[in-house]
Amino acid sequence: MSEAIELTGITEYGCHGVYPEEKLNKQLFVVDLQLQLVSLTRNDSIENTVDYAQLVDSVRSLISDQEFDLIETLAESIADHCLANKFVASVVVKLHKPAAAKSLGIDDVSVVVKK
């Protein structure tokens with residue numbers, strides 16, 4: 001048996017991209033996380049699992065406080081951050097950049113990082 005936590009639709013604005021205007025004008029980013037836990041939660045205490053409220057806040061901070069040219073690099077940074085939690089065995093990060101999709105006339109642009 002195993003446990004997983006899925007967090008879908010974490011939103012935040014940030015300045016990520018290769019074009020100068022992307023460094024000046026914040027864009028919306030959306031993150032979906034799948035966290036595979038190290039072990040089963042043995043009791044009903046937040047100290048024995050991932051505090052996902054704190055995790056969501058810290059992912060939002062990564063998006064808003066840092067700048068990357070590539071969303072691949074941002075997604076890697078989010079994955080590494082999740083794996084720093086002792087309860088997370090593996091993670092899948094799906095990072096969406098809706099503004100890039102709109103500029104291309106498509107529904108979505110996203111990258112997926114699995115660690």
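Author: Start with Glu-76, which is partly exposed because its relative accessible area is 33%. Buried means under 20% relative accessible area, exposed over 50%, and partly exposed in between (1.4 Å probe, protein chains only). This is a predicted model: local features need pLDDT of at least 70, side-chain atom pairs count only at pLDDT 80 or more, and totals for chains, interfaces and linings use all residues. Residues are numbered from 1 along each chain as its sequence is written, and side-chain values use heavy atoms, with hydrogens and water left out.

Reader: With which residue does Glu-76 form a salt bridge?

Author: Side chains of opposite charge can pair when their charged atoms come close. A salt bridge here is a side-chain nitrogen of Lys or Arg within 4 Å of a carboxyl oxygen of Asp or Glu. For Glu-76, the closest N and O atoms are 2.9 Å apart, and the partner is Lys-115.

Reader: How many residues apart are Glu-76 and Lys-115?

Author: Glu-76 sits in helix α3, and Lys-115 in the segment after β4 (110–114). Helices (H or I, at least four residues) and strands (E, at least two) are DSSP runs, numbered from the N terminus. The pair links distant parts of the chain, with a separation of 39 residues.

Reader: Which residue is linked with Glu-76 and Lys-115 in a network of salt bridges?

Author: Lys-115 is partly exposed, at 35% relative accessible area. The network joins Glu-76, Lys-115 and a further residue, Asp-80.

Reader: Is Lys-97 buried or exposed?

Author: Lys-97 lies in the loop between β3 (88–96) and α4. Its relative accessibility is 7%, so Lys-97 counts as buried.

Reader: Which residue pairs with Lys-97 in a salt bridge?

Author: The closest N and O atoms of this pair are 2.7 Å apart. The partner lies in helix α1 (residues 20–24), 75 residues away from Lys-97.

Reader: Why does the salt bridge of Asp-69 and Lys-23 tie together separate parts of the sequence?

Author: The two side chains meet at 2.9 Å, N to O. Asp-69 is partly exposed at 47% relative accessibility, and Lys-23 is partly exposed at 24%. Asp-69 lies in the loop between α2 and α3 and Lys-23 in helix α1, so the parts they tie together are 46 residues apart in sequence.

Reader: How much space lies in the largest pocket?

Author: The search uses a 1 Å grid over the protein atoms alone; a pocket is an open set of points where a 1.4 Å probe fits, with protein on both sides within 12 Å along at least five of seven lines. Grid points are joined across faces, edges and corners, and a volume is the space filled by probe spheres set on the points. For the largest pocket that comes to about 210 Å³.

Reader: Which element gives the largest share of the lining of the largest pocket?

Author: Lining residues have an atom within 4 Å of a point. There are 15 of them, and those closest to the centre include Glu-22 and Lys-97. The elements that give two or more residues are α3 and α4 (98–104). The largest share, four residues, comes from α4.

Reader: How many helices and strands does the protein chain have?

Author: From the N terminus on, the elements run β-α-β-α-α-β-α-β. The secondary structure comes to four helices and four strands.
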